[in-house]
Amino acid sequence: MLTAAGALFAAVSTSHVDYVSIGTFVVAAAIVLSGGIGVVVARNPVHSALMLVMTLFGIAVLFVLQRADFLAVVQVIVYAGAIVVLFLFVIMFLGVDREENIAVEPLRGQRPLAVALVALGFTGLVLLAEVSKWTTGAPSVSGSTDVAASNVSQIGKSVYTTYLFPFEVTAALLVIAVVGAVVLARRPPVASNAGSVPAGEVTEDVTGDDGSVSDRPVEEAFAASSPSESTDEASGEVTS
Amino acid sequence: MNAANTAINGGIPGEWYLALAAVLFAIGAFGLLIRRNVLVMFMCIELMLNAANLTFVTFANMLHDIGGQVLVFFVLVVAAAEVVVGLGIVVAIFRRRANATADDLHLMKG
């Protein structure tokens, strides 16, 4: 213990460390790791999501420590602001915030296998890091982080010059994702366009809802609204 | 891992970040393998993505190359798209059945 502390102190004293950085790193790493473990072991999905927020903030701190200011801001806004809110929205919308009993193991041997696989992968990762070399010696094509310009202008310049084509592809990907989400989240045909839908599909949908759920208010609302929709459809067909 | 490759940035060696990212990735992978709630599995995937992002930023700092940070930017966009589509699928599944743990989703089983 003393030798480890001494080695750490030697490393610290030789490489001109400021202790603020070290302390920030240690605190952020502790936050990241405890948040990550919390995501895995929390029984309630809402708690998992909040633990995920904690991890993301810790990672943002580590980004700032490594002079990636823009990415730290984007991390907080996009991840903690948008993605986790989307998670929470879905959790609460679907009403799945019930506790899951994670002590029971439904698939025999799943956890030892998971431990073995993860240990194998982690060992491979560490071995790769120890054996391989970080640098290839090739010159940087996308600009150095050392220039006097700000982080945002460096990233912007790189995105709009070197990585212009991936950037355009990203735009296409986002559009596709939005369209896909709308298509996926659309309810199966409702009363507005019910005239174009065969009646058998609607009744099948109703029985599916009735058979599967009875104890959840949202689904009860669905199940309660579906017959009224079908009657609306029936009346609409009668009037038309 | 010689000293020349170590980023002197507040004096913290880059390997510390890489080790932290590896541990975070392992935690995410483990959670993905053992949890059965689809949403929690999604969050574990986010953990793994963040570990990869941390690695990218660390290498950008170690190698003095802004490309790593740009790549993280793209990863963020792809993660957002992935979450949107994935949660759309989850909502579509939940509309059909009450509790969708990953074990129940055997609709496509032959």
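**How helix H2 of chain A is covered**

The cover over the buried residues of H2(A) includes helix H3 (45-65) of chain A, along with helix H1 (14-34) and helix H2 (38-62) of chain B. This is a predicted model, in which local features need pLDDT of at least 70 and side-chain atom pairs count only at pLDDT 80 or more, while totals for chains, interfaces and linings use all residues. Residues are numbered from 1 along each chain as its sequence is written, with chains lettered from A and ligands numbered from 1 in the order in which they are written.

Helix H2 of chain A covers residues 19-41. Its 23 residues reach 33 Å from first C-alpha to last, close to the 33 Å expected at 1.5 Å a residue (1.5 Å times one less than the number of residues). Helices here are DSSP runs of H or I with at least four residues, strands are E runs of at least two, and both are numbered from the N terminus. Among the buried residues of H2(A) are A:Phe25, A:Ala28, A:Ala29 and A:Val32; buried means that 20 or more other C-beta atoms, placed from the backbone, lie within 10 Å of a residue's own.

Between the chains, 78 residues of chain A are in contact with 65 residues of chain B, where contact means C-beta atoms, placed from the backbone, within 7 Å. Elements giving two or more residues to chain A's side include H2, H3 and helix H4 (69-94) of chain A.

Conventions
Buried ≥ 20, exposed ≤ 12 C-beta atoms within 10 Å, placed from the backbone. Contact = placed C-beta atoms within 7 Å.
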